[in-house]
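Subject: A structure for you to look at

Hello,

Please have it open while you read.

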Amino acid sequence: MKIVFIGAGRITRWFLDDIKNTKYHNDIIPYGIYNLTIEQEKEYQAKYQMAKVYNSLEELIDDYANYDLAYIGTSDRFSKNS
């Protein structure tokens, strides 16, 4: 399963680190990432060996045939319980 990530915050980092520790880690491929800050995108791309960095959400959406799941890492401040 190829996953793309929207957001390069701590929640996304935790999720990516958890993938490495699951018994399914060989079946889950962190494929690409989009974030407002390109430096963070490139950092995540290098650390998690992602094939793609997206320059816009439109580019990510248009690439839908190349991934199976989009993970949206929202920060705690957007939680309705905050």
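Let me start with a question: which residue in E2 does Ile 3 stand opposite? The answer is Pro 30.

Before going further, a word on the basis of these notes. This is a predicted model, in which local features need pLDDT of at least 70 and side-chain atom pairs count only at pLDDT 80 or more, while totals for chains, interfaces and linings use all residues. Residues are numbered from 1 along each chain as its sequence is written, and side-chain values use heavy atoms, leaving out hydrogens and water.

The overall picture

The protein chain has three helices and four strands, and from the N terminus on its elements run β-α-β-α-β-α-β. Helices (DSSP runs of H or I, at least four residues) and strands (DSSP runs of E, at least two) are numbered from the N terminus. With a radius of gyration of 12 Å, close to the 12 Å that the globule rule gives for 82 residues, the chain is as compact as a globular protein of that length. That radius is taken over C-alpha atoms, and the rule is 2.2 Å times the number of residues to the power 0.38. The C-alpha trace spans about 35 × 30 × 20 Å along its principal axes. Of the 82 residues, 33% are buried (under 20% relative accessible area; exposed is over 50% and partly exposed is in between, with a 1.4 Å probe and protein chains only).

The sheet

The four strands form an open sheet in the order E3-E2-E1-E4, with parallel pairing. Strand E3 (52–53) and E4 stand at the edges with a single partner strand each, so one side of each has no neighbour in the sheet. Strands count as paired if DSSP finds at least two bridges between them.

Strand E1 (residues 2–6) is largely enclosed by the rest of the structure, because four of its five residues are buried. Five bridges link E1 in the parallel sense to strand E2 (residues 29–34), where Ile 29 is the bridge partner of Lys 2. E1 also runs parallel to strand E4 (residues 69–72), joined by four bridges, and here Ile 3 stands opposite Leu 69.

Helix H1

E1, helix H1 (residues 10–20) and E2 make up a right-handed β-α-β unit (with the strands pointing away from the viewer, the path from the first strand over the helix to the second runs clockwise).

Which residues of H1 are buried? They include Ile 11, Thr 12, Leu 16 and Ile 19. Seen down the axis of H1, the buried residues fall within an arc of 135 degrees, so they line one face of the helix; the arc is that of the directions from the helix axis to the C-beta atoms. Their cover includes E1, E2, helix H2 (38–47) and E4.

Leaving aside residues up to four places away in sequence, Thr 12 touches Phe 5, Ile 6, Gly 7, Tyr 44, Tyr 71 and Gly 73, where contact means heavy atoms within 4.5 Å. Trp 14, also in H1, is partly exposed, with a relative accessible area of 44%. Between Trp 14 and Gly 73 there are 9.8 Å in space, C-alpha to C-alpha, although they are 59 residues apart in sequence.

Enjoy exploring it!

Best wishes
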